[in-house]
Amino acid sequence: MSSLPQRVRIVEVGPRDGLQNEPITVPTADKVRFITMLAEAGLTDIEVGAFVSPQRVPRMADTAEVLAQLPSLPFVRYITLVPNLRGLERAMAAGARAIAVFTAASDTFNQRNVGMRIADSLREFRTLIPAAKDAGLWVRGYVSTAFVCPYEGPIAPEQVVPVAQALLDMGADEISIGDTIGHATPEDVARLNRTLLPVVPLSRLAYHLHDTRGNALSNVQQALRDGIAIFDASAGGLGGCPFAPGAPGNLATESLLDLLHDLEIETGVDRARLAEATRFLTSRIGRPQHEHS
Ligand code: MG
């Protein structure tokens, strides 16, 4: 067996990807407390909100206030989602230092999710990403439905790679490959990596795995064997699967940490303090729809 990475960086997506998909609204002060606790647990990359339409996504309407109230910690990157140039302007006005743009490997999914074909998203990003980079921001690019699309079915690696390549060429610092409906198997991960790794440097490649079918940890293990050392996860498994009500979605950060600990891979995250953050949030919103701890 090839050697595994010695250290993994976890991108905590609970406060955005998680909370956006829970059937509750969390007060700004509680979001700020939750995110601060996650940072204090040692998570260095935290997705904290989105500058999307407050009419379409009311739960993220307070993102500017959240950013303003978060403590400025030297090693912590607060990431906000930005769908278009207007979102970038709002993010910059709010003092954002790191943003994420999102598109997909399936045209139908992208249409349903953001009302644009992939090519049209990429056209928007061709202006947006260089503008963000010129302003000194760190930029992450999400490629959703990289394995299976809920509308189109299986997605071939050849559909994923050009999207990732385009985002890199525009200046994205990191690409996050999403198994949006949690249908990938370890064989699928290995197959995608064979096509993707010659294009995307390992240091800039993250996986965003969902646990809908219970495969997330096996897929993490395959990705680790392929050298991937950046994984997205959500404290307490917040978020669920938007396409399978009641089913798990985002991989729980706690489960990811347990696996990495078993494999003796460093993360810099304190498991007990992470559990405290999850407990705090759970005490505010009630148990997430999906049991993870
Ligand atoms: Mg997710």
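**Strand pairing, core and metal site of the predicted barrel**

In strand 10, the residue bridged to His208 is Asp232. Strands here are DSSP runs of E with at least two residues, helices are runs of H or I with at least four residues, and both are numbered from the N terminus. The model is predicted, so local features need pLDDT of at least 70 and side-chain atom pairs count only at pLDDT 80 or more, while totals for chains, interfaces and linings use all residues. Residues are numbered from 1 along each chain as its sequence is written, and side-chain values use heavy atoms, with hydrogens and water left out.

Strand 9 (residues 205–208) and strand 10 (residues 230–233) pair in the parallel sense over two bridges. Pairing requires at least two DSSP bridges between two strands. Helix 9 (residues 216–225) carries the chain from strand 9 to strand 10, and this β-α-β crossover is right-handed. Right-handed means that, with the strands pointing away from the viewer, the path from the first strand over the helix to the second runs clockwise. On its other pairing, strand 9 joins strand 8 (residues 174–178) in the parallel sense over four bridges. Ile175 stands opposite Leu205 there. Strand 8, helix 8 (residues 186–196) and strand 9 form a right-handed β-α-β unit. Helix 8 lies across strand 8 and strand 9 and runs at about 155 degrees to strand 9. Axes are lines fitted to C-alpha atoms, for helices over the stretch in contact, and angles run from 0 to 180 degrees between N-to-C directions.

Eight strands close in the order 1-2-3-4-5-8-9-10, with parallel pairing. From one strand to the next, the twist averages 25 degrees. Strand 1 (residues 9–12) and strand 2 (residues 45–50) pair in the parallel sense over two bridges. Glu12 stands opposite Ile46 in strand 2.

Strand 4 (residues 98–104) is largely enclosed by the rest of the structure, because seven of its seven residues are buried. Buried means under 20% relative accessible area, exposed over 50%, and partly exposed in between (1.4 Å probe, protein chains only). In a regular strand the side chains alternate between the two faces of the sheet. In strand 4, Ala98, Ala100, Phe102 and Ala104 are buried on one side, and Ile99, Val101 and Thr103 are buried on the other. Strand 3 (residues 77–81) pairs with strand 4 in the parallel sense over three bridges. Ile79 has Ala98 as its bridge partner in strand 4. Strand 3, helix 4 (residues 85–93) and strand 4 make a right-handed β-α-β unit. Strand 4 also runs parallel to strand 5 (residues 138–144), joined to it by seven bridges. Trp138 in strand 5 is the bridge partner of Ala98.

The largest nonpolar core holds 85 residues, of which Leu167, Ile177, Tyr207 and Phe231 touch the most other members. Helix 7 (residues 157–170) gives the most to this core, with eight residues. Such a core is a set of buried Ala, Val, Leu, Ile, Met, Phe, Trp, Tyr and Cys residues joined through side-chain atoms within 4.5 Å. A second, separate core of 15 residues includes Val57, Met60, Ala100 and Tyr142. Neighbours within four places in sequence aside, Ile177 contacts Val143, Ala146, Phe147, Val160, Leu192, Leu196, Leu205, Ala206, Tyr207 and His208. Contact means heavy atoms within 4.5 Å. Leu205 and Tyr207 point one way from strand 9, Ala206 and His208 point the other way, and all are buried.

His208 also takes part in a metal site. Asp17 (OD), His208 (NE2), His210 (NE2) and Asn250 (OD1) are the protein donors of the magnesium ion, at 2.1 to 2.2 Å from it. Along the chain, the donors follow the spacing D-x190-H-x1-H-x39-N. Asp17 lies in helix 1 (residues 14–20) and His208 in strand 9, so the pair ties together parts that are 191 residues apart in sequence. Donors are N, O and S atoms within 2.8 Å of the metal (3.2 Å for Na, K and Ca); water is not among the atoms, so sites may look incomplete. Asp17 is buried, with a relative accessible area of 8%. His208 is buried at 10%.

Two backbone angles remain. Most residues other than glycine have a negative phi. Thr145, not a glycine, has a positive phi of about 45 degrees. Thr145 sits in the loop between strand 5 and strand 6 (148–149) and is buried, with a relative accessible area of 0%. Glu264, not a glycine either, has a positive phi of about 60 degrees. Glu264 is found in the loop between helix 10 (253–262) and helix 11 (271–285). At 71% relative accessibility, Glu264 is exposed.
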